[in-house]
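I opened this model with a few things to look up. My notes are below, in the order I took them.

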Amino acid sequence: KDLVYLLTKRDFVSKYKQSVLGPLWILITPILNSVVFAFVFGTLAGLSTDGLPRILFYLTGNTLWSLFSGSVTTCANSFLQNRTLFSKVYFPRITVCVSSVLSSCINFAIQFVMLILFIVYYALSGIHIAFTPYVFLIPMLLTQCLLLGMGVGMLLSATTIKYRDFIQMISFGMTVWMYLTPVAYPLSVSNGTIYTIMLINPMTSVIQNYRFALLGAGSFILWPWVGSLLLTLLLALLGLKAFRHVERTVVDTL
């Protein structure tokens with residue numbers, strides 16, 4: 001526990017240590033992304049936001065997606081970023097993944113408080129926010145998001161050890177994945193084959209149900225979510241198995 005705490009603290013502090021605004025970037029980044037989405041997808045493309053204010057709609061999706069993408073990226077780079085530490089002392093390698101995910105959780109917690117303040121502001125301004133009893137599912141959705149991110153990240157970390165090309169592809173791959181997930185648009189704008197393809201994406205039901213549980217926007221999708229949960233567990237187990245297999249020889253490979 002002490003090691004996880006120290007590594008989490010190191011990851012969080014080092015990320016903003018030499019920046020002028022420091023941890024304020026945790027709040028600035030999702031707001032800027034939401035403003036860009038509001039202009040591109042809302043103003044130019046004219047896509048619906050299921051009756052929600054644009055900034056609130058995009059901010060909800062951006063905060064959850066940043067938790068997922070941050071978990072994937074940090075886990076995927078865990079071996080390479082800690083190779084010096086690995087060569088000096090032995091400790092359970094899984095702790096670097098756990099600490100990186102916890103660091104992403106700290107960022108999300110701060111962003112979630114900001115999101116709640118935005119919701120309160122719009123509610124007090126007369127904007128109808130349909131609070132639903134599904135709000136109790138939010139912790140489960142967040143846990144699934146973390147498990148999925150950690151599972152995919154550990155699979156990628158086991159791959160990047162031998163094939164460094166995957167490091168360059170992670171950022172591009174996460175961008176493509178985001179556009180296949182209803183972060184910048186509601187699920188209701190898709191139909192037919194595209195709708196079916198999107199439901200195969202495990203993050204689609206997570207984002208959709210999270211937004212519905214928190215704001216009452218769109219609809220709650222049950223069976224795709226059940227399939228998403230099963231796929232998440234599968235990827236988490238595969239990722240853990242691959243990580244355990246690679247960690248035995250990681251020092252020699254690095």
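**Ground rules.** I am working on a predicted model, where local features need pLDDT of at least 70, side-chain atom pairs count only at pLDDT 80 or more, and totals for chains, interfaces and linings use all residues. Residues are numbered from 1 along each chain as its sequence is written, and side-chain values use heavy atoms, with hydrogens and water left out.

**Cysteines.** I looked for disulfides first. A disulfide is a covalent bond between the sulfur atoms of two cysteines. My test was a pair of cysteine sulfur atoms within 2.5 Å. The count came to 0 disulfides.

I then looked at cover. I call a residue buried under 20% relative accessible area, exposed over 50%, and partly exposed in between (1.4 Å probe, protein chains only). Cys-97 is buried, at 0% relative accessibility. Cys-105 is partly exposed, at 22%.

**Largest pocket.** I took a pocket as an open set of points on a 1 Å grid over the protein atoms alone, where a 1.4 Å probe fits, with protein on both sides within 12 Å along at least five of seven lines; lining residues have an atom within 4 Å of a point. Its volume is the space filled by probe spheres set on the points, with points joined across faces, edges and corners. The largest pocket holds about 840 Å³. I found 35 residues in its lining. Lys-15, Ser-66, Ser-69, Gly-70 and Asn-107 lie nearest the centre.

Which helices supply at least two lining residues each? I noted H1, H2 (25-44), H3 (54-76), H4 (78-81), H6 (94-124) and H8 (165-179). Helices here are DSSP runs (H or I, at least four residues), numbered from the N terminus.

**Leu-6.** I stayed with H1 (residues 2-16), where Leu-6 sits. Leu-6 is exposed, at 52% relative accessibility.

**Nonpolar patch.** I looked for nonpolar side chains (Val, Leu, Ile, Met, Phe, Trp, Tyr) joined within 5 Å, on residues with over 30% relative accessible area and no salt bridge. A salt bridge would be a side-chain nitrogen of Lys or Arg within 4 Å of a carboxyl oxygen of Asp or Glu. Leu-147, Leu-222, Trp-223, Val-226, Leu-230 and Leu-233 make a patch of about 600 Å². Helix H11 (residues 223-247) gives the most, with 4 residues.

I checked Leu-233, which is in H11. Leu-233 is partly exposed, at 46%. Leu-233 and Gln-144 are 89 residues apart in sequence, yet 8.5 Å apart C-alpha to C-alpha.

**Loops.** Where is Asp-50? I found Asp-50 in the loop between H2 and H3. Most residues other than glycine have a negative phi. Asp-50 has a positive phi of about 55° although it is not a glycine. Asp-50 is partly exposed, at 25%.

Val-89 lies in the loop between H5 (83-88) and H6. Val-89 is partly exposed, at 44%. Val-89 and Thr-159 are 70 residues apart in sequence and 23 Å apart in space, C-alpha to C-alpha.

Note on methods: Patches are made of residues with over 30% relative accessible area and no salt bridge: like charges are joined within 9 Å, nonpolar side chains (Val, Leu, Ile, Met, Phe, Trp, Tyr) within 5 Å. Accessible areas come from the Shrake-Rupley method with a 1.4 Å probe; for residues, only the protein chains shown count as cover.
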